[in-house]
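Subject: Structure for you to look through

Hello,

Here is the structure I said I would pass on. Please open it alongside this email and follow the notes below.

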Amino acid sequence: MSYLHVLNGDATLTLFRQSEVPGEIVVCREMMCEGKVKYTKDLTEFFESRAKHLEFQYGIDRQTYYTNVVQELEKLDLSGSSADEIVLWFEYDLFCQINMLFILHYITSQLPALPPISIIDLPHHAQPEDLPKIFEQRVRLQPDDLVWAEDVWDAWCLRTPQVLETISKLSAGNLASLPAAITAHLKRFPDVNTGLSTIENYFLLRLALGSYRWYDLYMLFWDELEIYGFSNFQLDILIHRMVNAGVIEEHEQILKITSLGREILEEEENYLDYVSLEHRWLGGVKLADTTWRWNPAINALVEVEL
């Protein structure tokens, strides 16, 4: 048996190389839960749109993106068709689950004949010696699972989130971690009362209790909101945005809430009046144009008049 393993990120690659699991490796270095994704079946067009957005909005060099991300994924085109089985190693959090969705979309788009595809729910703190046993517990995806994954990916790329919200409430078959991850994603839409995403709200609530070094605040986030699986890079961008909006102050790596931040928590002000939504996307949804807001009282999206 020849295996092709798709890993989520270089941290998993280090772990995998120390294990005794046989097979070739492809590393997914994307962050599909962050920034714009274009609704298209043309992968060349998709990557071109993605590269432009990441360079403009996140400062990720276009050539670096193609070298580190796209060329690595192209190994699936060459190796995938000769592999007896493709094994996807992804955790349950939003970051991993959306990357996994894209990998399934990529594989089914590129390979004319699919080998068996299995998924592994990789535990967050797995050690190299754990991997052979975890590998044996992999779950074989069925044709219905692959159709479902494609439907969810399409919904992720749409310009409105209604279909995605409906999907979050349905059974996901062998893709059991998807509904919770999608619900976590929907909570990133602006709160109907404060304009804050659930992550921005979390940071302000923490800072309302006292100042934190940025890294200590991140550690709390990773512990208490592990469902997101966000990187330092993503949190740095979010905090920088909040500083620019005037709701957080940063001095010598210490973060503090401002009076404006407190007023927003108390619903006396709205965050959206102070932060730019231009060029910001949640999947296929352009935040500057959307009328959808998250209502925590009913745990659902609602449409508002702008």
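In what order do the five strands of the open sheet lie? The order is 2-1-4-5-6, and the pairing is mixed. Please keep in mind that this is a predicted model.

The sheet

Strand 2 (24–28) and strand 6 (139–140) are the edge strands; each has a single partner strand, so one side of each has no neighbour in the sheet. Strand 2 runs parallel to strand 1 (residues 3–8), and five bridges join the two. To find this pairing on screen, look for Val-6, which stands opposite Val-26 in strand 2. As background, strands of a sheet pair through backbone hydrogen bonds, either parallel or antiparallel.

The antiparallel case can be seen in strand 12 (residues 292–295) and strand 13 (residues 300–303), which pair over four bridges. Trp-292 has Glu-303 in strand 13 as its bridge partner.

Helix 7

Helix 7 covers residues 143–157, which is 15 residues. From first C-alpha to last, helix 7 reaches 22 Å, close to the 21 Å expected at 1.5 Å a residue. Is helix 7 mostly covered or mostly open? It is mostly covered, with 11 of its 15 residues buried. Among the buried ones are Trp-148, Trp-153, Asp-154 and Trp-156.

Asp-154 counts as buried because its relative accessibility is 17%, and the cut-off for buried is under 20%. The side chain of Asp-154 meets that of Lys-41 in a salt bridge, at 2.8 Å from N to O. This pair links distant parts of the chain: Asp-154 is in helix 7, while Lys-41 is in the loop between strand 3 and helix 2, 113 residues apart. Lys-41, at 48% relative accessibility, counts as partly exposed.

The loop around Thr-40

Thr-40 also sits in the loop between strand 3 (35–36) and helix 2 (43–58). Thr-40 is buried, with a relative accessible area of 15%. A polar atom of the Thr-40 side chain lies 3.0 Å from the backbone nitrogen of Asp-42. Apart from neighbours within four places in sequence, Thr-40 is in contact with Glu-45, Phe-46 and His-105.

Other salt bridges

How many salt bridges does a search of the whole structure find? It finds 12. One of them joins Asp-10 and Arg-29, with the closest N and O atoms 2.9 Å apart. Asp-10 lies in helix 1 (residues 10–17) and Arg-29 in the loop between strand 2 and strand 3, so the pair ties together parts that are 19 residues apart in sequence. Both residues count as partly exposed, Asp-10 at 36% relative accessibility and Arg-29 at 33%. Asp-10 and Arg-29 also belong to a network of salt bridges that includes Glu-72 and Lys-75.

Another salt bridge is formed by the side chains of Arg-138 and Glu-85, at 2.7 Å from N to O. Glu-85 is buried, with a relative accessible area of 1%.

Regards

Conventions:
Residues are numbered from 1 along each chain as its sequence is written. This is a predicted model: local features need pLDDT of at least 70, side-chain atom pairs count only at pLDDT 80 or more; totals for chains, interfaces and linings use all residues. Side-chain values use heavy atoms; hydrogens and water are left out. The expected span of a helix is 1.5 Å times one less than its number of residues. Buried means under 20% relative accessible area, exposed over 50%, partly exposed in between (1.4 Å probe, protein chains only). Two strands pair if DSSP finds at least two bridges between them. A polar contact is a pair of N or O atoms within 3.5 Å; within protein, one must be able to donate a hydrogen and the other to accept it, and residues adjacent in sequence count only if both atoms are side-chain atoms. Contact means heavy atoms within 4.5 Å. A salt bridge is a side-chain nitrogen of Lys or Arg within 4 Å of a carboxyl oxygen of Asp or Glu.
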